[in-house]
Amino acid sequence: MLIGAMNHPRENVLGEIKWMADLGLDFIDLTLEPPGASSWLVNPRDVRHALEDHGMRVVGHTAYYLPFASPFEEVRQGSVAECKRCLEVFAQVGARWMNLHPDRHIPMHERPFWIQRNLQTLGELRETSQKLGVGLMIENLPGVFNTPAELAELLDPMPELGLHLDIGHANLQVAHNTTEEILQRFGRRLAHVHLHDNNGGDRDLHLPLGVGRMEWVGHVGAVKKSGYDGPITLEVFSPDRTYLKMSRDRLRRAWDEAGS
């Protein structure tokens, strides 16, 4: 199991790689977002050299607000073009997977419409993804893509899609954390994991592990039991990196003790 963190989109990517390496993290969850880490600003060669110099790996992440299902066709096509450019960058820096957040912000349209539009966008990205050798994975999102049945609307029609499991999201806007249910249905397609704490409800707080009320240790054990042994991103959004270091140590201990 590898432990990493996400770069801040306002900061220089090379600087973000350095402090993560200094903290002893294994990889960067590279999000290509404005203003500081846009796909058109990042130099893939420099990023790859920095990763090699620090002995770090990389996972691809895209902006959570891309309008994949927009009813405005030119807008939707723009999001496709952006994701193709991201795929090019991720291929050059050595990422094997790129995450996508299904679009659910389509006022006055019913769910079947935006499911179809999301699938259309995913289908149009398929050829570029396969050509470059960077897989596509979708992230579970609170409220609309947070149960096995909801995720199946995208995962079942496209068996090549990977699952990006966000354990913190699985604890939001649900009666109980859906991590185990999602793993039972789609665990064999698990490509990446995000982990952070919260108090349930509808507030995506991105707290350090143990600060919220989520039973995260058990969910980490379920991930390990599923056979997954890949990268886990700690999405601990605090300017004080002591909390990230603490969460790193707690995650490593919980992983090592799971199933022992």
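Predicted model: local features only at pLDDT ≥ 70, side-chain atom pairs only at ≥ 80, totals over all residues.
**Helices α7 and α8**

Helix α7 covers residues 216-225 and helix α8 covers residues 242-257, and I found them packed at an angle of about 55 degrees with their axes 9 Å apart. Angles under 35 degrees count as roughly parallel and those from 65 to 115 as roughly perpendicular, so I noted α7 and α8 as oblique to each other. Their crossing is right-handed. On the α7 side I listed W216, V217, V220, V223 and K224 as the residues making the contact, and on the α8 side R250, L251, A254, W255 and D256. Sorted by class, the residues of this contact are 7 nonpolar and 3 charged, with no polar ones.

**Helices α3 and α4**

Next I turned to α3 and α4, which pack at an angle of about 25 degrees with their axes 10 Å apart. That angle makes α3 roughly parallel to α4, and I recorded the crossing of this pair as right-handed. From α3, the residues E73, R76, V80, C83, K84, L87, E88 and A91 meet R117, Q120, T121, E124, L125, T128, S129 and L132 of α4. I counted the classes in this contact as 6 nonpolar, 4 polar and 6 charged.

**Helices α4 and α5**

I then followed α4 to helix α5 (residues 148-155), where the packing angle is about 45 degrees and the axes are 9 Å apart. At this angle α4 is oblique to α5. The residues of α4 that take part are R111, I115, N118 and L119, and they meet E150, E153 and L154 of α5. This contact holds 3 nonpolar residues, 1 polar residue and 3 charged residues.

**The largest nonpolar core**

I looked up which residues touch the most other members of the largest nonpolar core, a set of 73 residues, and found L30, F90, M98, L195, V223 and L251. Helix α3 (residues 73-93) gives the most to this core, with 7 residues. I took L30 as an example and, leaving out residues up to four places away in sequence, listed its contacts as N7, V13, V47, V58, V59, G60, H61, F90 and V93.

I232 lies in strand β8, which runs over residues 231-234. I noted I232 as buried because its relative accessibility is 2%. Apart from neighbours within four places in sequence, I232 is in contact with M1, L2, I3, G4, F27, V193, L195, L251 and W255. I also checked I232 against D26, which is 206 residues away in sequence, and found 9.7 Å between their C-alpha atoms.

T233 is in strand β8 as well, and I noted T233 as buried because its relative accessibility is 0%. With residues up to four places away set aside, T233 touches G4, A5, M6, F27, D29, H192, V193, H194 and L195. Between the C-alpha atoms of T233 and E139, which are 94 residues apart along the chain, I recorded 13 Å.

**H169 in its loop**

I located H169 in the loop between β6 (162-166) and α6 (179-186). Is H169 buried or exposed? With a relative accessible area of 7%, H169 is buried. Beyond its neighbours within four places in sequence, H169 is in contact with E139, N140, L141, P142, N146, H196 and D204.

Most residues other than glycine have a negative phi, and most peptide bonds are trans, so I marked the following places.

The peptide bond from P34 to P35 is cis, and its omega is near 5 degrees. I placed P35 in the loop between β2 (27-32) and α2 (44-54).

M108 is not a glycine, yet I read a positive phi of about 65 degrees for M108. M108 sits in the loop between β4 (97-100) and α4 (111-132), and I noted M108 as exposed because its relative accessible area is 83%.

H206, also a residue other than glycine, has a positive phi near 55 degrees. I found H206 in the loop between β7 (190-195) and α7. H206 has a relative accessible area of 10% and is therefore buried, whereas M108 is exposed.

Terms used
Residues numbered from 1 in each chain as written. Heavy atoms only, no water. Core = buried A, V, L, I, M, F, W, Y, C linked by side-chain atoms within 4.5 Å. Buried < 20%, exposed > 50% of the residue type's maximum accessible area, 1.4 Å probe, protein only. Helix = DSSP H or I, 4+ residues; strand = E, 2+ residues; numbered from the N terminus. Contact = heavy atoms within 4.5 Å. Axes fitted to C-alpha atoms, helices over the stretch in contact; angles between N-to-C directions. Parallel < 35°, antiparallel > 145°, perpendicular 65-115°, else oblique. Left-handed = near helix turned anticlockwise from the far one by under 90°. Nonpolar A, V, L, I, M, F, W, Y, C, P; charged D, E, K, R; others polar.
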